[in-house]
Amino acid sequence: MSLRLSTVILPVRRWHEGGRDQWLRAEELGFHTAYTYDHLAWRSFRDGPWFGAVPTLTAAAAATERLRLGTLVTSPNFRHPVTLAKELISLDDISGGRITLGIGAGGNGFDATTLLKADQEPWTPRERADRFGEFVPLLDRLLTEDSVTYEGAFYSATEARNIPGCVQRPRLPFAVAATGPRGLRLAARHGQAWVTTGDPKLFEKGTPEESREALRGQIEKLGKACADLGRDMDELDKVLLTGFTPDRNRPLESLDAFVDFAGKHIELGFTEIVVHAPIPDSAFATDQAVFEQIATEALSQLN
């Protein structure tokens, strides 16, 4: 399978002050998909502008024609599968079937605490995994069945109607972010793609070589999860969201640096690489000209 090159556009610009232009430019540059983060706030951007993922993607869907659009990633931290399904079906319709749902268990950042009462503790990793394990199958049903009734440990639905369903059949694709065994099983069972950012333990002091070895191990575990379910792992796209391995943003320093980085990860089995659109004065302050050169020239050297 040929490599796909995609981008993440963080929702930090007002739509009429550069936001719209970024999505149009992503389409012009030929990116396969432009994703955005689905957070209430995120890291160093918490005290600045940050817009909602679904309205942003809706506007992007209306402004573009060919570009696929999606989230990296949506999580149960502040989403409920019933209301999310309704928004996704609407978004898929508006876009003409160009939506991919990146979905994960969520982390322990602002999304995990914003809705809590003062005396509440955030969910533990195990609790997040428990909820994710119920969230994904229920969302799958809500996007493929006209009416769903369900009562679980964390979520319920009573005759939840989702007519006419997705434009994409049987539903829009899931790109499941996971590294642990439970999440990998969800990716193997429900995903059309699998997403990773690498091994977070290696980000500060690991080496690129150690990171690639860790990624190789994750893909092997994904393969086992697929085999246990009788599924061919080649059916899943394997997506690497860059910027969180020991390489950080060095692959975006030049076209040659990116081609070298991407080539080594293609060898591991990745079919899609996602790069962050430049944001000045941030961790993603890469050179716009180099970014655009990578977008327009890298794939011809890799495929």
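**Entry 1: helix 2 and helix 3**

I began with two helices and noted that helix 2 passes helix 3 in a left-handed crossing, where left-handed means that the near helix is turned anticlockwise from the far one by less than a right angle, and right-handed that it is turned clockwise. The model is a predicted one, in which local features need pLDDT of at least 70 and side-chain atom pairs count only at pLDDT 80 or more, while totals for chains, interfaces and linings use all residues. I number residues from 1 along each chain as its sequence is written, and side-chain values use heavy atoms, with hydrogens and water left out.

I looked up the contact (heavy atoms within 4.5 Å) and found V54, L57, T58 and A61 on helix 2, with E87, L91, I94 and S95 on helix 3.

**Entry 2: helix 8 and helix 9**

I then turned to helix 8 (residues 255–266) and helix 9 (residues 288–302), which pack at an angle of about 45° with their axes 9 Å apart. That angle makes helix 8 oblique to helix 9, and their crossing is right-handed. I listed the contact as L255, F258, V259, A262, G263 and I266 of helix 8 against V290, Q293, I294, E297, A298, Q301 and L302 of helix 9.

**Entry 3: the largest pocket**

Next I looked up the largest pocket and noted a volume of about 1400 Å³. I found 41 residues in its lining, with A105, G106, G107, A177 and T197 nearest the centre of the pocket. Helix 5 (125–144) is among the elements that each supply at least two lining residues, and it gives the largest share, six residues.

**Entry 4: the backbone in the loops**

I checked the peptide bonds and found a cis one joining I163 and P164, with omega about 15°, and another cis one joining R169 and P170, with omega about 5°. P164 is found in the loop between strand 6 (156–161) and strand 7 (174–177), and P170 lies in the loop between strand 6 and strand 7 as well.

Last, I noted that R43 has a positive phi of about 45° although it is not a glycine, and that R43 lies in the loop between strand 2 (33–36) and helix 2.

Terms used. Axes are lines fitted to C-alpha atoms, for helices over the stretch in contact, and angles run from 0 to 180 degrees between N-to-C directions. Helices (H or I, at least four residues) and strands (E, at least two) are DSSP runs, numbered from the N terminus. Angles under 35 degrees count as roughly parallel, over 145 as roughly antiparallel, 65 to 115 as roughly perpendicular and the rest as oblique. On a 1 Å grid over the protein atoms alone, a cavity is a set of points where a 1.4 Å probe fits but cannot get out, and a pocket is an open set with protein on both sides within 12 Å along at least five of seven lines; lining residues have an atom within 4 Å of a point. Grid points are joined across faces, edges and corners, and a volume is the space filled by probe spheres set on the points.
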